[in-house]
Amino acid sequence: MGLLTFKIGGIHPLENKMSAQAAIEEFPLPTKAVFPLSQHLGVPAKALVKRGDTVKVGQIIAKGEAFISADIHSSVSGKVAKVEPVLDSSGFRRESVIIDVEGDEWDESIDRSPEIIKECKLESSEIVKRIHACGIVGMGGATFPTQVKYMVPQGKTVEYLIINGVECEPYLTSDHRLMLEKGEELIIGITIMMKSLKVDKAIIGIENNKPDAIAHLSKIAANYKGISVVSLKVQYPQGGEKQLIDAVLKRQIPSGKLPIEVGCVVNNVGTAFAIYEAVQKNKPLIERIVTVTGKTVSKPSNYKVRIGTPIISLIEKAGGNMESTGKVINGGPMMGKSLITVDAAVTKGTSGILLIENEKSKRIPILNCIRCGKCTSVCPMGLEPHLLSIISVNGMNERTEKERVMDCIECGSCVYTCPSGRPLLDNIRLGKRNVGIMIRNRSKK
Amino acid sequence: MGLLTVSGSPHIHGGLSVKKLMWGVVIAMLPAMLASFYFFGLGALKVTVVAVLSALIFEYLISKFILKQQPQLQDGSAVITGVLLAFNVPSNLPCWIIIIGALVSIGIAKMSFGGIGKNIFNPALVGRVFLLISFPVQMTSWPVVDKAFPMGLDAITGPTPLGIVKEGLKNGEPMSDLMNQVPSYTQLFLGQNGGSLGEVSALLLLLGGLYMLYRKIITWHIPISFMGSVLIFSGIFWLIDPQMYVNPLFHLVTGGMMLGIFFMATDMVTSPMTPRGQIVFGAGVGIITIIIRNWGAYPEGVSFAILIMNALVPHINNFFKPIRFGKEIKNGK
Amino acid sequence: MDSSIINAIITMSAIGVVSAIILFFIAQKFKVIEDPRIDIVEEALPKANCGGCGYAGCRAFAEGMVKAGTMEGFFCPVGGNDLMKSLGPLLGLIPEEKAPQIAVLRCNGSIKNSIPKFEYDGDHTCSFTTNLTAGLGGCQFGCLGGGECVDACNFDAMYMDPITNLPVVKDNCVACNACVLACPRNILELRNRGPKDKRIYVACMNEEKGPLAKLNCTVACIGCNACVKVCNFDAIHVNNFLAYIDYEKCTLCRKCVEVCPTDAIHEINFKPRVPKVETEKNTPQPKEKLLVVEKEISKSDTAEFEASSNN
């Protein structure tokens with residue numbers, strides 16, 4: 001049987017899943033926690049605490065008031081030291097709440113018992129409210145506020161809930177370990193999501209380089225109605241929601257539309273687990289699984305980390321050698337962001353910390369484009385990166401828009417494969433930005 | 001701890017480089033090159049060495065003193081041009097003509113457009129065509145492959161199989177007679193193909209092509225559509241009148257066909273970049289080749305056909321876009 | 001002979017006459033009456049087509065001015081007041097006089113003043129890097145050193161200083177606004193050249209609080225209000241911890257330059273100060289200013305630098 005995968009393009013980078021066998025470890029409490037108010041896609045949250053306030057674990061410290069925004073909760077207990085701009089993992093100074101940790105006092109409403117609660121008594125709308133109140137965002141890395149996905153617009157019906165357990169990024173294993181160790185909770189989370197969306201079919205897509213996770217989840221899913229596990233061929237970027245829907249259901253989302261257009265809602269396995277904890281245990285999103293890995297890390301590990309912990313402490317615990325490290329990446333090697341400073345904090349979207357050795361931290365020298373067409377053949381969106389790159393740099397915005405630059409999902413496959421080492425994605429991002437400004441100006445008129 | 005490096009994603013690279021691609025092509029050309037040494041003797045060796053060396057020297061001089069760039073000799077593209085040029089000329093060609101050919105190839109067809117990646121036409125083919133129309137006599141006196149004494153230096157010259165057929169048909173000789181004058185298909189396929197250096201053995205060229213396909217230096221699109229269109233288009237005429245038109249298989253194994261299919265038409269710089277465009281390109285080259293071979297003035301048409309299609313590549317790139325994601329909504333199964 | 005020749009002559013002449021009549025009427029119908037003064041004005045303009053006047057080119061500018069019938073709001077920054085004065089009699093209009101301007105770089109975050117906090121590898125276009133990270137020195141308001149302004153300059157009036165990694169505006173700047181539009185961080189500003197090219201401005205765009213700004217750059221404006229207090233002409237205002245000097249009100253008294261604790265206020269083309277007798281005790285030691293480098297390079301070393309950069 002041919003394994004399922006998406007149709008257009010794709011690459012297969014070296015997997016390098018060095019931490020796949022490392023069980024999730026509880027990471028010790030930090031002494032100081034930093035919470036940037038913009039940990040999610042959309043409008044930054046507004047701080048509710050000020051200097052000198054005492055907070056408990058799970059207490060809300062910032063409110064996301066806009067439609068696309070998310071609340072932020074404290075993951076530690078202690079005193080608010082400062083509310084000021086701090087250089088965070090985005091590379092810019094952003095308003096952040098800094099808390100000095102004192103003890104570990106939890107909010108009383110949070111159920112900290114280890115037992116698994118299977119039944120969910122809440123109504124559909126109540127579940128969405130709970131997801132909103134717990135500040136849950138997409139845990140795959142894009143950090144899109146989850147409650148927005150669950151407010152299905154009028155006239156649209158959801159047929160399938162698709163759970164993304166693909167983890168197509170090389171090196172990262174946080175989702176893999178989560179599926180192995182928290183399988184039961186995760187599946188219950190999926191049933192809650194199904195109840196909220198009022199769908200009876202859920203599909204978990206997992207790449208077949210994780211046979212243990214596929215077997216484990218299939219066994220558990222057999223006890224629940226409507227949940228199936230699909231094994232997918234290893235190919236990057238299968239974790240992109242458009243590619244995943246194409247791989248699982250053979251439906252392609254039209255240009256510029258959302259998954260709801262083809263009757264799907266896509267969520268990460270991490271999100272499913274977070275929803276389980278939020279709904280059944282009333283625990284806001286204050287912890288996440290982070291993979292710390294790389295060639296210069298002596299002990300690649302998966303940690304369960306309180307959000308707000310400085311990244312440097314994770315690197316130290318995992319035995320990272322900063323002397324021979326030239327680049328630290330927040331996320332995976334293909335789509336992650338390189339950090340300016342390792343003092344930045346773990347945020348809701350930090351799925352991994354990847355250390356890259358000195359020799360590999362620089363790009364290969366830029367040569368002339370030899371028009372080999374490899375970028376075109378690997379582009380999962382069927383675009384022509386070489387062309388988009390040139391017309392973006394030359395500011396031909398109308399042409400760039402016509403060549404569908406806005407479809408680019410910035411997966412980086414083109415740069416990965418380019419033999420001339422050209423900065424295709426850098427240029428395309430510039431083009432996307434310019435076209436975005438152009439479209440916004442047009443709609444204003 | 002030094003400063004951290006920051007750049008946009010992605011942060012890893014697949015390891016493919018221009019150098020690897022180009023030297024891969026050179027490796028793929030080796031078997032056919034060695035075969036040409038075997039069949040045509042020292043003359044072939046001399047032609048190849050002169051062509052490669054002069055291509056390298058011209059590339060170095062032009063990029064250093066005229067374009068004022070760092071010469072990129074190590075990327076191997078000049079070596080490819082040199083070898084391909086040698087593949088396209090007879091083994092008894094005087095050195096000075098080869099040097100002129102290399103100058104035209106590198107200087108006019110490649111560097112005047114701005115160097116690697118910028119040229120419109122395949123440099124080696126421009127050089128070959130330039131020589132063909134400037135020095136027609138020297139360029140068309142083909143040494144015959146001497147079966148008894150393969151290392152012979154002063155081989156006798158004679159027409160290529162394609163030339164025999166062309167002349168014969170013009171003089172009204174029947175096809176069956178002509179077929180007796182040329183070597184058998186097996187011989188042609190294995191390496192009894194009189195003509196230019198690189199045309200000698202279809203089998204070894206095929207081998208090199210398969211190697212490039214295996215290494216993913218080229219994709220199947222251009223070779224298959226080229227071959228297919230040659231077979232179909234010439235097959236139609238052969239079925240109509242086998243006495244007037246040659247067997248499609250004969251077309252495939254003679255002349256520069258295999259060389260063109262795997263090494264000339266698939267040149268990355270001068271071929272389209274989308275799979276659909278590549279298929280159109282290959283089909284176009286095949287059809288033009290057969291038109292020239294059947295009705296043109298020259299017995300061989302591959303190089304002209306490729307150059308004509310090279311000129312159309314920008315349009316092909318514009319017309320045949322890749323299949324976009326989500327163009328058609330497919331709901332259900 | 002004949003009739004055929006005569007016939008031919010007659011036919012040809014007839015066709016000629018008929019065509020001429022048709023052409024005449026068509027020409028009459030589609031005649032475009034254009035003011036001849038437009039051509040005269042266009043001829044007088046510098047024809048740089050830089051767009052500094054706000055019009056698409058010199059022709060459009062000439063057309064606009066002649067049609068408007070007034071010179072109010074029309075100003076060619078390249079030709080300056082001299083040109084506008086010469087155009088006045090041509091059109092019988094009174095030209096608007098404007099103070100000559102020059103582009104000014106409101107950032108002094110050179111490699112020395114704002115030490116790089118990381119290395120950057122990738123596409124160096126300013127408009128791309130501005131969204132990827134803060135600048136090399138960590139300042140998210142300052143110059144990125146990508147040189148998009150230099151590329152935008154049509155008059156060869158800018159170059160990148162290889163030592164400071166900042167662009168330098170040369171004296172032949174015509175204030176066409178191209179660099180101002182090109183800069184994604186809006187660091188460049190058109191300011192009055194001032195009498196004898198003397199001018200004073202705040203060379204910083206940082207809107208962060210003082211301590212945060214100082215973390216990234218030693219010459220940042222920290223919004224301390226010292227200059228505001230010392231200014232007698234209400235020319236300096238601090239908004240978002242950033243001082244701005246209004247060049248219309250500034251009298252070039254240089255008091256603010258003296259009090260600025262971070263040397264963020266620059267004075268250009270003034271005479272060197274006479275070393276003061278130790279009257280002010282706690283005057284901080286002035287830091288090495290980019291300004292000095294800027295002046296030297298723009299005056300004497302320009303030709304030399306250009307000669308070396310051309311190789």
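These are my notes on two interfaces in this structure, which is a predicted model.

**Entry 1: chain A against chain B**

I began with how many residues each chain brings to the contact. Chain A gives 68 residues and chain B gives 44 residues. I then looked up the area: about 4,600 Å² is buried between chain A and chain B, and carbon and sulfur atoms give 55% of that. On the chain A side, the residues that lose the most area to chain B are A:Ile370, A:Arg371 and A:Tyr416, which together make up 15% of what that side buries.

I checked for salt bridges next and noted four across the interface of chain A and chain B. I looked up a pair of side chains, A:Glu384 and B:Lys321, which meet in a salt bridge at 3.0 Å, N to O. For polar contacts I have 21 residue pairs across the interface of chain A and chain B, with both residues at pLDDT 80 or more.

**Entry 2: which elements of chain A touch chain B**

I listed the elements that each supply at least two residues to the side of chain A that touches chain B. The helices are H6 (241-249), H9 (374-378), H10 (385-393), H12 (413-417) and H13 (424-444) of chain A. The strands are E15 (325-330) and E16 (337-338) of chain A. E15(A) gives the most to that side, with five residues. By residue type, I wrote down 31 nonpolar, 18 polar and 19 charged for the side of chain A that touches chain B.

**Entry 3: domains of chain A**

**Entry 4: domain 2 against domain 3**

The two domains of chain A, domain 2 and domain 3, bury about 510 Å² between them, with 52% of it on carbon and sulfur atoms. In domain 2, A:Tyr236, A:Gln243 and A:Ser255 lose the most area to domain 3, together 62% of what that side buries. I found zero salt bridges between domain 2 and domain 3 of chain A. I did find three residue pairs in polar contact across this interface, both residues at pLDDT 80 or more.

Note on methods: Residues numbered from 1 in each chain as written. Chains lettered and ligands numbered in written order. Predicted model: local features only at pLDDT ≥ 70, side-chain atom pairs only at ≥ 80, totals over all residues. Heavy atoms only, no water. Contact = heavy atoms within 4.5 Å. Buried area = accessible area lost by both parts, 1.4 Å probe. Polar contact = N/O pair within 3.5 Å; in protein donor to acceptor, adjacent residues only side chain to side chain. Helix = DSSP H or I, 4+ residues; strand = E, 2+ residues; numbered from the N terminus. Nonpolar A, V, L, I, M, F, W, Y, C, P; charged D, E, K, R; others polar.
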